[in-house]
Amino acid sequence: MLIKERIEGIFPEAGEIPAEARVTPLEQKDHLIDGRIKAWTGPRQEVYSPVCLRGRKGPERVRLGSYPLMTEKEALEALDAAAKAYDDGKGLWPTLSVEARIAHMEDFVWRMKEKRAEVVKLLMWEIGKSADDSAKEFDRTVEYISDTINALKELDRNSSRLSITQGIMAQIKRSPLGVVLCMGPYNYPLNETFTTLIPALLMGNTVVFKPPKYGVLLHRPLLEAFRDSFPKGVVNTLYGQGRRIIGPIMKTGKVNVLAFIGSSKVSDVLRVQHPAPHRLRCVLGLDAKNAGIVLPDADIDLAVSECITGALSYNGQRCTALKILFVHRSVQSEFIEKLVNGIEAVKLGMPWEPKVKITPLPEAEKPPYLAEVIADARKHGAKVINDCGGLTNGTFVYPAVVYPVSPKMRLWSEEQFGPVIPVVPFSDVKEPLKYVVESNFGQQVSVFGRDPDTIAAMTDTLVNQVSRVNINSQCQRGPDVFPFTGRKDSAEGTLSVSDALRVFSIRSLVAAKESDANRKLVRGILRGRKSKFLSTDFIL
Ligand code: G3H
């Protein structure tokens, strides 16, 4: 079938959706606050899927349900519940032993796993992520939790002894920071929210969490698990428009850590609302415009395959996606021909279809935005060089390869976060290096080539510009034990299984001058197991 026909007929009729993929609308009329699931009778936000049904008047989004549209009042109540549970560090949760907190978390994971099918289906429908990738997101999150638990055990074991230096005995451990506001992005609504939420909880903080704009309902099946696994007020959920509910929370000064994955513009607005910004810790995953650099001696088949996955996985809606490709002029014809052929082979369709890669987009404003940046590139001399590139049907946009892209074009510097691949030809490697140096972003880069001298020299320059240099490989966050961060406008703080435990805690120590009286006192506390902090218990 021609690509054009495939795109025109991309959306199914209701009867064509396979039975196992069908979804029943979920009307969420409650939220989790202070240990109970409280009924909500106020206004609700309607939720529509990026998946459309073929209708007489064109594609129509499938309605998935609704969720509470909260106001400042409920936002402040959720914050107060978290602050009360923390109780200035005196609450049950922040004073619980690490071993006991781990037991609560293990109970949560067990309950969470029971909800896998429900969560995965909602994830697929709400954000249009393929069924395979939605399942992977769930499983990766479960694995992340168990890896984090193991990392915490290790951290605790390493601090289960006293050190004696210069006549001072001390025990050094990590303590919680307070109330954490967690907000994840729509492209990984479960995983990226949980990569901050879970370590924040494990370290003894209490949490208010607000799901992203898209990917809200999928959290509903987990509310009982949160309620039943943690003491009251430790986890509180918030729904609604960020502008309305997050500003008032920040202004109270009661948020100790802002864990936010989204745009730098929004994070800047949020942090300055805090009345004492120096008290606010920020853990931020922000914008990126990762470049792929294809050198003259690159293995072109490999480079093309990595660039297609890197640029188009989940339709390019990943912060780590390759968002601009620099290709050496000596190999550009071969690279472009293979890139275009490779894209033609990528499967388009509905998220439940096996092996599908290109699916509808959740943001209503994204298709017109992508059309705008493509038109802008055309105005400045570029062309869409693949058949049907950029062709749009409702929420579906077919990938566009735009060539040659130059600094005048918006695609040069804007993060498109969608299925558009800008290609820039270059003659001297200094050109892509200059691009990376001058970019406002500094997350990752991919370099494709075979010469050890060239790759080594480029690596040494690039590691001081970005936070991960990928050799003959696409950009990506995983494995999750690796540090995930960025420079410039791309991030603040580092996340990984073990780094996240550090960013949501602070080192505290108990110290005493070595004297017979102090030795006797400390020994009494340790032997009598009188303190949870001053303790040499070893988690097995
Ligand atoms: O959107 C940003 C994600 O952290 C990317 O993760 O590279 O595993 O897709 P990923």
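This is a predicted model: local features need pLDDT of at least 70, side-chain atom pairs count only at pLDDT 80 or more; totals for chains, interfaces and linings use all residues.
View 1. Thr320 has a polar side-chain atom 2.7 Å from a ligand oxygen, and for an N or O atom in the side chain of Tyr188 the distance to a ligand oxygen is 2.3 Å. On its own the ligand exposes 310 Å², and the protein buries 95% of that (Shrake-Rupley method, 1.4 Å probe). Local features here need pLDDT of at least 70, and side-chain atom pairs count only at pLDDT 80 or more, while totals for chains, interfaces and linings use all residues. Numbering runs from 1 along each chain as its sequence is written, and side-chain values use heavy atoms, with hydrogens and water left out.

**View 2. The shell around the ligand.** Look for Arg140, Asn187, Glu192, Arg318, Cys319, Gln476 and Phe484 among the residues here (a heavy atom within 4 Å). By class, the shell has 3 nonpolar, 3 polar and 4 charged residues, with Tyr and Cys counted as nonpolar and Arg and Glu as charged. Domain 1 (70-285) and domain 2 (290-485) each supply at least three residues, going by an automatic or database domain assignment.

Notes
A polar contact is a pair of N or O atoms within 3.5 Å; within protein, one must be able to donate a hydrogen and the other to accept it, and residues adjacent in sequence count only if both atoms are side-chain atoms.
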